[in-house]
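These are my notebook entries on a structure that I looked up. I record what I searched for and what I found.

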Amino acid sequence: MKILVCAKFVPDTDHLIIKESEGGKAVIGDLSEYRMNRFDEFAVEEAVRIKEQSGGVIVDVLTVGPEPSKDVLRRAMGMGADNGIHLAVRGEQYLSPMVVAAGIADYAREKDYNLILTGAMSEDMMNGQVGPMVASFSGLPCATQVILLRLSSGRRNDQSEENPDASSDWVAVYVEREIEGGNREMLEIDLPAVIAVQTGINEPRYPSLSNLLRANKQEIETIALGGDNSVLKAPEDLVSTIVPPKMRAGRHVEGSAAEKAEQLLLILHDKALIK
Amino acid sequence: MVNKTHTAVIAAHADGRVLSETWDLVAFALQLNGGRPENIEILVLGDNIDRLAEEIAGKSGIDVRAIFCTGLTGYSSEVYLSVLARELEKQADLAYVCAPHNSQGMDYAPALAARFGAACISGVNGIFLEEGTFFFQKDIYGGKIKANMVSHTATTVLTIQSGVFKLDPERQASPGGVVRTDARFAIDRTRFLGVRKGGGDCAGIAEARVVVAAGRGIGELENMEIIHRLAELFPKSAVAGTRIVCDQGWLPYNRQVGVTGMTVAPDLYVACGISGASQHVMGMRGAGFVVAINTDRQAAMFNEADICIVEDITTFIPLLLEIYQQQYNDNAVPQAPGNDTSGG
Ligand SMILES: Cc1cc2nc3c(=O)[nH]c(=O)nc-3n(C[C@H](O)[C@H](O)[C@H](O)COP(=O)(O)OP(=O)(O)OC[C@H]3O[C@@H](n4cnc5c(N)ncnc54)[C@H](O)[C@@H]3O)c2cc1C
Ligand SMILES: Nc1ncnc2c1ncn2[C@@H]1O[C@H](COP(=O)(O)O)[C@@H](O)[C@H]1O
């Protein structure tokens, strides 16, 4: 059984500084702090758990991005993934989810992955597109917003006698995907499949020191995105960025912390929200 | 580029009811078409969709293509993808496909775009026209910034954030026509096993007049204590949180506010260490008065707040409680019965 996990290196939004210029145009300041997309931590954890529960599972983790993105592979390997693959792009250009997905699908072709895991969405671009697009390019079934995943063995039982790996029995995956109103859709999907996982599906672990040491020594497979295949042109572009408009009064209370607290209590009192 | 003109709207429905997202999509498509219903068609897929198709054509004033998929109970990505791809391929001048940015549209729209080689822009919450080019706006970086996107392809697939584009309730329109077709489909690789119902018990949050909500900024479970204590200042209050807080186990999931949690409309919503991602904000937009406390002056949550306080919640809330004790506690009244600030 081979699992491919897609993980993205994203800037930490808390520390992102917007330098507002004229006309509400947002100029993004230095993006100094990057980390693994949180949704992808859950995808890596899910793959590593499958590996731990059964023999014969290999977990590859792949990222598309500029050189520093490799950090995300080291972290995933620190969590227990076996191999890292870096589809390298130059600079900080806009990365279309379609181009990323085509690159991932290209890489995965003929590698016989039984399961491809992605996160539900990247925290920086907030698209939620790459998973279903990889599925479409690879001709695989897909489920998104998955909050529970169980591999199920089944019809191909005849093979299990020759092959001692329990994981080779797995022919399908049972998933529950979140839909509106707190409800969940229950599905059984034939493998190979692409599953986009939602946060809360598990509790992602911290990388272990021993795994990190191993990851630091291990070679990371690096391939230029698109390779010799014709590079897909981005079908859309991010042209400019703006500061979102205020939806409410947005009055800032200023002063020392104590002054702010006093003012807030006064406002709430005046509105009869506290006594 | 060829001047394509046709807009397809994919209706959203569940349990035999038209979802409100459908009307939002209609409003968006009309805006895209300068208010004219011509060149728009609404596609409805499903088993028993006669009544749904009539309702949509009647209320929207736009032509509907009812695509009968006999035996299709509910939503299926496999069926939506294959049937929509086949139906939309017939449309030579297809410019836009508008899908809901919900659990259905987010599931099939990107795959449909990949199949068509069409640009896909998801979570669209604004649109403007400049020199003949449409710019589609969407949130990035947790809503801290909006991006203006353009498409380079002849056909563009859009998923539209719900609750942004609103169909004018006063709008007078003669009903659109309904065309019926049958679609053959096969469910090969995904078997639908039903829906597991959840979300029944909402821990009294829906009824609360004041909701004090915690985000990841609270930092650790131990700090939830100050959120509960803050809530105790208010009669008829409840503690809620973001998805991340619930994922961490700091609150049970029945206290999650947002698209995959609850929608609340209290008199007061206090957002503590919440970034303000649209998936959360959509669950609290109806609040009467909003106070946000965040260390990041540029947090998106401040755009949704009446009162903004740039402070560290872990020190500011204890200070606030202390000042309250000193200045207000004298006339504090016993809390109303049924008060729910207990947490989980
Ligand atoms: C399909 C889908 C459905 C979703 N449904 C929901 C939903 O129903 N509800 C929901 O909430 N989310 C939902 N999400 C997740 C959502 O996109 C955000 O990831 C989430 O709301 C962020 O939660 P947060 O604000 O607690 O954390 P973060 O985004 O990490 O923000 C933390 C904030 O705390 C601030 N902060 C940090 N430390 C402090 C401090 N000491 N004092 C004050 N402030 C501090 C930071 O500046 C930051 O603004 C969904 C996502 C997807 C893809
Ligand atoms: N550059 C990337 N490298 C690796 N995986 C990615 C990349 N971009 C997106 N993904 C995967 O696709 C998911 C959805 O991302 P998005 O479509 O950008 O919202 C993420 O959670 C990742 O698993």
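Entry 1. I began with a definition: I count a salt bridge where a side-chain nitrogen of Lys or Arg lies within 4 Å of a carboxyl oxygen of Asp or Glu. The model is predicted, so I note that local features need pLDDT of at least 70, that side-chain atom pairs count only at pLDDT 80 or more, and that totals for chains, interfaces and linings use all residues. Residues are numbered from 1 along each chain as its sequence is written, chains are lettered from A and ligands numbered from 1 in the order in which they are written, and side-chain values use heavy atoms, with hydrogens and water left out.

Entry 2. I looked up the salt bridges. Over all chains, the search of the whole structure finds 33. Nine salt bridges cross the interface of chain B and chain A. In one of them, Arg248(A) pairs with Asp306(B), and the closest N and O atoms are 3.2 Å apart. I also found Lys260(A) bridged to Glu311(B), with 2.9 Å between the closest N and O atoms. This pair joins two chains, because Lys260(A) lies in helix H6 (residues 257-270) of chain A and Glu311(B) in the loop between E17 and helix H8 (313-327) of chain B. Helices (H or I, at least four residues) and strands (E, at least two) are DSSP runs, numbered from the N terminus.

Entry 3. I then asked how many residues the contact takes from each chain. It takes 89 residues from chain A and 89 residues from chain B, where contact means heavy atoms within 4.5 Å. The area buried between the chains is about 7900 Å², and carbon and sulfur atoms give 56% of it. Buried area is the accessible area (1.4 Å probe) that two parts lose on being put together, summed over both.

Entry 4. I checked strand pairing, for which DSSP must find at least two bridges between two strands. Strand E15 (residues 251-252) of chain A and strand E17 (residues 307-310) of chain B run parallel and are joined by two bridges. Arg251(A) has Ile307(B) as its bridge partner in E17(B).

Entry 5. Last, I looked up ligand 1, which lies between chains A and B. There are 30 residues around ligand 1, counted as near if one of their heavy atoms lies within 4 Å. Among those that come nearest are Arg216(B) and Thr242(B). A backbone N or O atom of Val257(B) lies 2.8 Å from a nitrogen atom of the ligand, and a polar side-chain atom of Asp312(B) lies 2.9 Å from a nitrogen atom of ligand 1.

Conventions
A polar contact is a pair of N or O atoms within 3.5 Å; within protein, one must be able to donate a hydrogen and the other to accept it, and residues adjacent in sequence count only if both atoms are side-chain atoms.
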